[in-house]
Amino acid sequence: DQPAQPGFVYLDQVLKNARYEARYYSGDNFVGTRIDGYESPRVILTKEAATALAEVERDLALSGLALKLFDGYRPQRAVAHFQRWAADLADTRTRERYYPQLDKAALFRDGYIAKKSAHCRGSTVDLTLVDAETGQELDMGSHFDFFGPISHHGTGLITVQQTRNRETLRSAMQRHGFEPYANEWWHYTLKQEPYPNTAFDFPVK
Ligand SMILES: C[C@@H](N)C(=O)N[C@H](C)C(=O)O
Ligand SMILES: [Zn+2]
């Protein structure tokens with residue numbers, strides 16, 4: 001059971017105790033619908049990124065924590081879908097939940113959504129921490145894909161405990177070769193990514 005693209009794997013075949021909430025498949029996301037290129041709720045990554053994430057998982061298990069994945073490999077056609085949505089200024093259905101302080105035009109300009117997304121290279125993940133037993137998410141001070149300063153690393157807008165929770169995720173990811181992204185506490189890219197110059201477009205099946 002392998003993705004069509006050689007060099008890529010399904011995370012559910014590699015991780016032992018991860019939870020999945022494939023938000024671009026489910027439609028529960030800032031566009032408000034299923035995103036082009038997502039044909040199944042499974043999460044795909046390069047073998048190298050998946051192997052590093054398995055180390056993160058083993059590390060966090062020692063503290064009673066597990067990973068919850070929101071997104072991994074993202075087909076280029078999904079990015080095109082995000083761009084079409086952003087260009088439709090009349091559609092503000094999800095604004096209150098995802099970008100209440102920003103205009104749609106700012107989402108690409110301010111780096112919350114990328115036209116050339118690292119996700120398309122297959123070694124980038126969007127994820128959070130959960131209790132390994134109950135699956136309850138740790139409080140990170142803002143939710144996945146909330147676009148605004150409160151989601152930045154180093155923000156003073158959250159509590160000490162929320163800062164600690166973000167730091168637990170960040171330090172575990174960094175210990176195993178992932179780099180954080182300043183604007184989004186949930187977004188990490190493997191530093192030694194195997195396809196640094198390739199944007200893939202095979203669908204997630
Ligand atoms: C859209 C959000 N989940 C995300 O991944 N943002 C970064 C900047 C990206 O689009 O690559
Ligand atoms: Zn991301």
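The model is predicted: local features need pLDDT of at least 70, side-chain atom pairs count only at pLDDT 80 or more, and totals for chains, interfaces and linings use all residues. I number residues from 1 along each chain as its sequence is written, with chains lettered from A and ligands numbered from 1 in the order in which they are written.

**Overall form.** The C-alpha atoms fill a box of roughly 45 × 45 × 30 Å along the principal axes.

**Elements.** I record six helices and seven strands, as DSSP runs numbered from the N terminus (helices H or I, at least four residues; strands E, at least two). Their order from the N terminus is β-β-α-β-α-β-α-α-α-β-α-β-β.

**Ligand 1.** I listed the residues around ligand 1 (C-beta atom, placed from the backbone, within 6 Å); among them are Gly111, His119, Asp126, Asp145, Glu184 and His187. The shell divides into four nonpolar, four polar and three charged residues.

**Aspartate 145.** I then turned to aspartate 145, in the loop between β5 (124-131) and α6 (160-175). Its phi is positive, about 65°, although aspartate 145 is not a glycine. Aspartate 145 counts as buried because it has 23 C-beta neighbours inside 10 Å; the cut-off for buried is 20 or more other C-beta atoms within 10 Å of a residue's own, with C-beta atoms placed from the backbone. Buried residues make up 39% of the 205 residues.

Conventions
A residue is buried if 20 or more other C-beta atoms lie within 10 Å of its own, exposed if 12 or fewer, and partly exposed in between; C-beta atoms are placed from the backbone. Ala, Val, Leu, Ile, Met, Phe, Trp, Tyr, Cys and Pro count as nonpolar, Asp, Glu, Lys and Arg as charged, and the others, Gly among them, as polar.
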